[in-house]
Amino acid sequence: MAGSRLPRQLFLQGVAAVFVFAFASLYTQIPGLYGAEGILPARRTLRPQGKGRWQQLWETPTLLWEAPQLGLDTSQGLELLSLLGALLALGALLLRRLRTLFIYLLLWAAYLSVCQVGQVFLYFQWDSLLLETGFLAVLVAPLRQPPHHKQGPQGGLAGASPHEGLPFWLVRWLLFRLMFASGVVKLTSRCPAWWGLTALTYHYETQCLPTPASWFAHQLPIWLHKLSVVATFLIEIAIPPLFFAPIRRLRLAAFYSQVLLQVLIIVTGNYNFFNLLTLVLTTALLDDMCLSAGSGNSRYKKRPTSWPRALLAMPSLLLEFTVYGLLAYGTVHYFGLEVDWEQHAVHSRTTFTFHQFSQWLKMVTLPTMWLGVASLTWELLTALWRWTQVRGWLRKFCTAVQLFIFGTATVALFVISLVPYSYIEPSSHGHLWTGAHRLFGAVEHLQLANSYGLFRRMTGLGGRPEVVLEGSYDGHHWTEIEFMYKPGNVSRPPPVVVPHQPRHSHSPWFTSLVLRLLQGKDPVIRLIQNDVARYPFHKQPPTYVRAQRYKYWFSHPGEQSLWWRRQWVEEFFPPVSLGDPTLDMLLRQFGLQDKSPPRARSSSNALAQTLHWIRKQLSPLEASTLLWGLLATVGAIRVMQALLGPHSSRSSPLTKEEKHRPAPKKDSGAASKQAAPAPDNCSSSSQTPRRKK
């Protein structure tokens with residue numbers, strides 16, 4: 001296997017990019033969600049309980065405990081953390097020197113701090129996934145990044161430490177847990193849409209935030225939707241074990257299949273940074289040989305293969321074709337694929353029962369854990385072998401300490417992750433080592449390992465449920481209050497907001513939203529319409545607010561100027577006004593009454609004034625526009641870096657010592673070719689022949 005130095009750098013850049021999007025997206029919504037006039041003010045979540053400072057920090061790990069020391073309230077502390085997190089992540093994305101352990105530790109700590117007070121708006125799986133991935137980035141990142149002139153030809157570090165590949169293996173294990181669990185829960189939920197292979201006939205119009213491409217995907221023939229569900233099960237359940245295959249081409253095939261699935265989801269749905277983060281995780285399936293292809297690097301150029309090597313490659317090729325054959329046969333057999341030549345279609349159906357699948361899952365859950373154990377053991381042995389090749393007693397001692405620390409951390413995180421992974425099969429969960437449960441319980445609040453399961457059940461089978469808010473001045477004539485992103489006006493096309501994450505959720509906080517609209521609170525109004533002039537009650541708050549529930553469906557082809565069809569279902573929230581007994585009763589019932597008004601902060605605080613000024617400058621920008629602007633800026637800077645970077649560092653990997661080396665004789669060419677390292681050799685010490693003193 002080729003080295004993983006370039007994939008690790010790509011992974012660190014990807015994690016930094018996702019942190020930029022996550023922090024920037026949240027920053028735009030803080031006043032409306034968590035401000036003093038927001039829906040769920042953040043100050044309610046941090047109440048000192050008379051405990052010691054460190055105990056308080058351990059039980060509720062957030063840096064926002066220190067906000068009052070800076071003269072800031074909790075929401076202002078959130079703004080500061082989000083701004084600093086976005087800037088720090090942007091720096092790590094653009095500057096290689098900043099991709100260090102300390103920087104990623106700060107990013108992880110900042111996002112964990114935010115999630116502690118985020119309440120229901122930060123309870124999504126992608127937030128948990130970002131926290132877990134961010135902590136792995138802390139372990140993957142080096143203590144410091146050496147300068148470019150110390151890099152080897154492959155972009156890796158000369159004299160790399162033996163432990164460097166261990167934490168990166170955890171990224172592959174996380175990707176396996178995410179995908180395998182996401183496929184399994186679709187069937188363990190007994191959802192009729194997944195079992196009937198009809199889930200995608202509903203998915204495109206019932207997902208959180210469709211894109212314009214969702215409408216076109218929804219119009220595809222039913223047989224193709226069902227075949228796509230079969231492909232989803234294949235990619236999410238059957239292929240993930242190949243992440244640990246000893247054959248490189250199988251791992252690459254698994255990589256391409258995962259990328260295909262994520263790209264299709266990105267095109268047909270607004271899932272913020274979730275799929276981008278999953279794509280970042282897939283870098284763990286790559287190696288230096290993949291990313292060096294086409295770079296002109298002689299180390300990975302194809303060479304004539306000797307007959308012993310070709311002979312040894314035959315069993316590998318045979319095993320590879322066997323795996324592909326088994327995948328094809330299993331797909332055809334278990335999903336009853338039949339080609340209908342007359343209708344030009346491929347029909348499919350599930351040929352196994354829930355009981356059979358449950359028995360299969362019980363049979364394979366523990367073996368997949370042992371597969372992880374075997375793969376991790378190999379990584380540990382490989383790291384140990386590399387340590388034996390280290391020269392010099394001082395360097396050998398230092399690398400031994402690093403190997404012990406990072407090896408222990410890798411094994412501990414793997415053991416911890418087995419607990420949430422085993423949730424997919426209850427009996428396997430009960431058979432786990434009790435020490436794993438205790439270890440997981442001790443650090444569960446840090447979200448170092450989480451359970452996953454995407455689209456467990458398909459909702460909206462009878463139509464997409466949508467709550468439509470309406471306001472009125474007299475209680476008789478009602479005007480709809482349209483949100484920026486979610487369906488409302490049937491003539492408005494679905495937006496593209498990726499990688500922005502509008503924090504919407506159906507929850508009791510809806511009553512607080514109604515209260516803020518009746519009060520005309522600008523931060524909340526900007527969550528609904530960033531351009532306040534488009535809000536129908538921007539001049540004067542409505543006297544009454546109510547909500548109706550509709551069912552939405554995509555329009556049929558040929559319906560002019562319509563993207564949606566809808567049907568009224570029922571009244572969702574009764575008409576209320578300020579001081580209405582019904583509104584007061586609901587606020588008390590859900591604990592949303594603000595019993596303690598915010599404490600006044602000094603307006604002369606320089607930091608608070610700076611935050612206010614930044615907010616004032618950025619508030620006119622719509623969140624998705626801001627994020628796309630950031631993305632374009634990063635792209636432009638990277639292009640400039642590539643164009644203005646030193647030509648020598650891109651074109652020649654020679655070190656300063658080699659530049660002064662005498663030119664070799666003409667007849668030494670053949671000998672130098674014979675001495676060239678094999679393509680799978682990762683040792684940087686074999687890149688150039690050692691000179692005699």
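This is a predicted model: local features need pLDDT of at least 70, side-chain atom pairs count only at pLDDT 80 or more; totals for chains, interfaces and linings use all residues.
Because Lys 186 lies in helix H7 and Glu 236 in helix H11, the pair ties together parts that are 50 residues apart in sequence. Lys 186 and Glu 236 are each buried.

The two helices also pack against each other: H7 (residues 165-188) and H11 (residues 222-238) meet at an angle of about 130°, with their axes 7 Å apart. H7 is therefore oblique to H11, and the crossing is left-handed. A second pair, H12 (residues 248-268) and H13 (residues 274-281), packs at about 165° with axes 9 Å apart, so these helices are roughly antiparallel. H12 likewise passes H13 in a left-handed crossing.

The salt bridges number 18; the table gives some of them.

| Salt bridge | Closest N and O atoms |
|---|---|
| Glu 379 with Arg 172 | 3.8 Å |
| Glu 66 with Arg 53 | 2.8 Å |

Glu 379 pairs with Arg 172, linking helix H16 (residues 354-388) to helix H7 across 207 residues. Both partners, Glu 379 and Arg 172, are buried. In the pair of Glu 66 and Arg 53, Glu 66 lies in the loop between helices H3 and H4 and Arg 53 in helix H3, so parts 13 residues apart in sequence are tied together. Glu 66 is partly exposed, at 30% relative accessibility, whereas Arg 53 is exposed, at 56%.

On the surface, Phe 397, Val 401, Phe 404 and Ile 405 form a nonpolar patch with about 430 Å² of accessible area together. Val 401 belongs to helix H17 (residues 393-421) and is partly exposed, at 34% relative accessibility.

Note on methods
Residues are numbered from 1 along each chain as its sequence is written. Side-chain values use heavy atoms; hydrogens and water are left out. Patches are made of residues with over 30% relative accessible area and no salt bridge: like charges are joined within 9 Å, nonpolar side chains (Val, Leu, Ile, Met, Phe, Trp, Tyr) within 5 Å. Accessible areas come from the Shrake-Rupley method with a 1.4 Å probe; for residues, only the protein chains shown count as cover. A salt bridge is a side-chain nitrogen of Lys or Arg within 4 Å of a carboxyl oxygen of Asp or Glu. Helices (H or I, at least four residues) and strands (E, at least two) are DSSP runs, numbered from the N terminus. Buried means under 20% relative accessible area, exposed over 50%, partly exposed in between (1.4 Å probe, protein chains only). Axes are lines fitted to C-alpha atoms, for helices over the stretch in contact, and angles run from 0 to 180 degrees between N-to-C directions. Angles under 35 degrees count as roughly parallel, over 145 as roughly antiparallel, 65 to 115 as roughly perpendicular and the rest as oblique. A crossing is left-handed if the near helix is turned anticlockwise from the far one by less than a right angle, and right-handed if clockwise.
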